[in-house]
Amino acid sequence: MLSVPLILVFGLGILTLILIGILAFVMPIVNGIKASNGELPSYPLSLNFVS
C-alpha cells in the first residue's frame, strides 16, 4: 500500500515493489529448506499468533 504513493511522489515505490517480489519468491524456498531440516520456518515482518 505504501508503494503506490511512493511511485507517484518519488519513484521509489518501483524499487519497493521489486524488493517485495524478490522476497515473495525467495522466502518460501528458504522456509521450505528450513522445514525439511526440521527447523521452524519464519517470515520477516509477520506476526506470530500461535507459539
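**View 1. Ser36 and the backbone of Ile33.** A polar atom of the Ser36 side chain lies 2.8 Å from the backbone oxygen of Ile33. The model shown here and in the other views is predicted. Ser36 is part of helix α2. Is Ser36 buried or exposed? Ser36 has a relative accessible area of 60%, and this value is over 50%, so Ser36 counts as exposed. From Ser36 to Val26 the sequence separation is 10 residues, and their C-alpha atoms are 16 Å apart in space.

View 2. Which residues are in contact with Asn31, leaving aside its neighbours within four places in sequence? They are Pro41, Ser42 and Tyr43. With Ser42 there is also a polar pair: a polar atom of the Asn31 side chain lies 3.1 Å from the backbone oxygen of Ser42.

**View 3. Helix α2 from end to end.** Helix α2 covers residues 13-36, which makes 24 residues. At 1.5 Å a residue the helix should span 34 Å, and its end C-alpha atoms are 35 Å apart, so the two values agree. Just after α2 comes Gly38, which takes a positive phi of about 85 degrees.

**View 4. Buried residues of α2 and their cover.** Which residues of α2 are buried? They are Gly13, Met27 and Asn31. What covers the buried residues of α2 includes helix α1, residues 3-9. In the chain as a whole, 8% of the 51 residues count as buried.

View 5. Ile20 is another residue of helix α2. Its relative accessibility is 47%; this lies between the 20% and 50% limits, so Ile20 counts as partly exposed. Ile20 and Pro44 are 24 residues apart along the chain, and their C-alpha atoms are separated by 11 Å.

**View 6. The whole chain, for orientation.** Along the principal axes, its C-alpha atoms fill a box of roughly 45 × 20 × 10 Å. The radius of gyration is 15 Å, whereas a compact globule of 51 residues would have one near 10 Å. The accessible surface of the chain comes to about 4,600 Å². Carbon and sulfur atoms account for 76% of that surface.

How values were computed:
Residues are numbered from 1 along each chain as its sequence is written. This is a predicted model: local features need pLDDT of at least 70, side-chain atom pairs count only at pLDDT 80 or more; totals for chains, interfaces and linings use all residues. Side-chain values use heavy atoms; hydrogens and water are left out. The radius of gyration is taken over C-alpha atoms; the globule rule is 2.2 Å times the number of residues to the power 0.38. Buried means under 20% relative accessible area, exposed over 50%, partly exposed in between (1.4 Å probe, protein chains only). Accessible areas come from the Shrake-Rupley method with a 1.4 Å probe; for residues, only the protein chains shown count as cover. Helices (H or I, at least four residues) and strands (E, at least two) are DSSP runs, numbered from the N terminus. The expected span of a helix is 1.5 Å times one less than its number of residues. Contact means heavy atoms within 4.5 Å. A polar contact is a pair of N or O atoms within 3.5 Å; within protein, one must be able to donate a hydrogen and the other to accept it, and residues adjacent in sequence count only if both atoms are side-chain atoms.
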